[in-house]
Amino acid sequence: MCGIVGCVSEINATRVLLRGLERLEYRGYDSAGVAVIDGNGDLALRRRVGKLIHLMDAVDREPIQGNVGIGHTRWATHGGVTEPNAHPHLSYDGNIALIHNGIIENYEVLKRDLVGRGRTFHSETDTETLVHRIAEHRESCDSLYEAVRRTLAEVEGAYGIVVIDRREPDTIVCAREQSPLVVGVKEGEAYLASDVPALLDYTRDVIFLEDGDIAVLRPGEISITDHDGNAIERSITRIKWDLSQAEKGGYRHFMLKETHEQPRVLGEIMLGRIDAAAGRVNLVEGGEPVLPEDVASRVDRVVLIACGTSWHAALVGAFWFESFAGLPVQVDYASEFRYRTFHVDERTLVVPVSQSGETADTLAAVKEARRRGAPCVAIVNAVGSSMTREVDGVLYTRAGPEIGVASTKAFTTQLAGLYLLAHALGTMRGTLGGDAARARLEELAGVHDLVARALEQESAIESLAATVQSREDFLYLGRGLNYPVALEGALKLKEISYIHAEGYPAGEMKHGPIALIDDGFPVVCVATPGAVYDKVFNNLEEVRARKGRVIAVGAEGDDRIAGLADDVMWVPGAAEAVAPIVNVVPLQLLAYHVALIRGCDIDQPRNLAKSVTVE
Ligand code: F6R
């Protein structure tokens, strides 16, 4: 997610904006820009690709004087990392500048209409549609606020927007829908930002805008309405966090913040991509299909390659490709795959999965697969990363920067991305359709609410963590779709708490790992309803018979698991196909709280790097 700063300030706005953007640098970005209404009443715009220092140099070379402005650090979602794609964007008449975080779902329709009326686009972004449409409305109404309000009535999607108009030189209009915005309150001035850290140098009194709010900021004056123009009162919160707490949104660690961001980012990955009524997934990136029809119909096999957590996501994805698209699927560690005599050709769909898009082994495997003629469609989080330039299509997971080394939101959005791609492949090939196609999409569409409910169990999981944190070995079990979830739970625990944890398919336990189990040995098992539930239950009986301690992930209302397990981490009941996305949440929280109690360096565990760019 990108950073936004805005100010109606008594001092030079450019300084305020650049300082605010510096405060958001820790989140990562690929380009930055500012727009300020200068002393002549003109809009001065500076944008640069790369680090903030380039933007600062540009401002040093051509300084801007003015008190009202907006600034942005971009982390690309629509369109590549280029200066024209950087924000702010200017309207066709040069009067209005706008910044937008989020995704406009119906931007293609809006853009077509605008182009039909002769508007020229200078970027590949969905954002530019907003600024031109606001400018059109502004021609027939007398305030920026009204033009924004009319435009938002036509927009579907998620947004945090901030807008300035050189004809109203003391005003900023902003609006929020599923993308955070915070207004800073100060006598004679007004500030706003996407995140609190950008405001702390100027004020600690803030108003957190809510979805549906439109706010107008003028010197010392803030008014908020809903989309119908009705005034809304929002209370002022005094921020007591220090800067490092503020960067983490008030959470103690980035990992915890990112774990709690999952409901929001899972909502975002689906925006504009699901037509639940038609039972179809719409995967388009930069106007091009991510998976062309001819590739979908030609392939007779799918190969998924990845490393670490992304490999676990791929293991889950294999189930979806098999069941939705009816194709044989192979899942491989990229580091193994590339050194085998592997077989791929133009009839093999290769799907690399990578948060960073920079993992050396995955990149090397993809290059080799493409050299052999295989079409490659990647599931990637980091826009513009090396992987995105090596493949034929990219499905971005839109999780935003992930700073904690242990992957959380990247994993669950990879799962959602794999589900979408498998669904698309299935419907294109005719192996998935009708009610089944619709039902599978409805199940996915509801998953972010279930994840939010799973997160509500955090305090119970924290108490459980206190009772197991001194153990030095854990076994994690699961079957079917939940086996990779068990692997991921074990990986989270060992990465951040340094406890030895092994993930195993529950049915394999009796072929070896059962020898580990003695009195009190902790066995964490993902045991939610599904085709193999009874089998898992039997495996847990075997653990109990040897006095192991059964810690289950169970579905709310399941008395049977409550009767068997020593402890249950409850999750809301989810359809079997999407349950892995929900079931991993308690395992992330358990690992976090165990590591916290053990005093580990959670965001930067020893020996680990966020992105493994060497072999
Ligand atoms: C674990 C973790 C790693 C990564 C792996 C692949 O929490 O984050 O296992 O999943 O290094 O990285 P990407 O997905 O960037 O290719």
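Visitor: Is the crossing of helix 17 and helix 21 left-handed or right-handed?
Guide: Helix 17 and helix 21 cross in a right-handed way. Keep in mind that this is a predicted model.

Visitor: OK. At what angle do their axes cross?
Guide: The axes of helix 17 and helix 21 cross at roughly 50°. They come within 8 Å. Helix 17 covers residues 458-468.

Visitor: So what do you call helix 17 and helix 21, relative to each other?
Guide: Oblique to each other. Angles under 35 degrees count as roughly parallel, and 65 to 115 as roughly perpendicular.

Visitor: Which residues of helix 17 meet helix 21?
Guide: On the helix 17 side they are E458, I461, E462, L464, A465, A466 and V468. Helix 21 brings P586, L589, L590, H593, V594 and I597. By class, this contact has 10 nonpolar residues, one polar and two charged.

Visitor: Left-handed or right-handed, the crossing of helix 18 and helix 21?
Guide: Right-handed.

Visitor: And which residues meet there, in helix 18 and helix 21?
Guide: From helix 18: N482, V485, E488, G489, K492, L493, I496 and S497. From helix 21: P580, N583, V584, L587, A591, Y592, V594 and A595. Sorted by class, that contact holds 10 nonpolar, four polar and two charged residues.

Visitor: New topic, the ligand. How many residues are around it, and which come nearest?
Guide: There are 13 residues around the ligand. S310, S354, Q355, S356 and T359 come nearest.

Visitor: How far is an oxygen atom of the ligand from the side chain of S310?
Guide: The distance is 2.5 Å, to an N or O atom in the S310 side chain.

Visitor: Backbone or side chain for Q355?
Guide: Backbone. An N or O atom there lies 2.6 Å from an oxygen atom of the ligand. S407 also has a polar backbone atom 2.9 Å from a ligand oxygen.

Visitor: Now helix 1 and helix 2. At what angle do they pack?
Guide: At about 170°, with axes 11 Å apart. Helix 1 is residues 13-23, and helix 2 is residues 52-61. That makes helix 1 roughly antiparallel to helix 2.

Visitor: Who meets whom in helix 1 and helix 2?
Guide: T14, L18, L21 and E22 in helix 1 meet L52, L55, M56 and V59 in helix 2. Six of these residues are nonpolar, one is polar and one is charged.

Visitor: Last topic, the backbone. Which residues does a cis peptide bond join?
Guide: H87 and P88, with omega about -5°. P88 sits in the loop between strand 4 (68-74) and strand 5 (89-90).

Visitor: What about K547, is its phi positive or negative?
Guide: Positive, about 70°, although K547 is not a glycine.

Visitor: Where is K547 found?
Guide: K547 is in the loop between helix 19 (533-545) and strand 28 (549-555).

Conventions: Residues numbered from 1 in each chain as written. Predicted model: local features only at pLDDT ≥ 70, side-chain atom pairs only at ≥ 80, totals over all residues. Heavy atoms only, no water. Left-handed = near helix turned anticlockwise from the far one by under 90°. Helix = DSSP H or I, 4+ residues; strand = E, 2+ residues; numbered from the N terminus. Contact = heavy atoms within 4.5 Å. Nonpolar A, V, L, I, M, F, W, Y, C, P; charged D, E, K, R; others polar. Near = heavy atom within 4 Å. Polar contact = N/O pair within 3.5 Å; in protein donor to acceptor, adjacent residues only side chain to side chain. Axes fitted to C-alpha atoms, helices over the stretch in contact; angles between N-to-C directions. Parallel < 35°, antiparallel > 145°, perpendicular 65-115°, else oblique.
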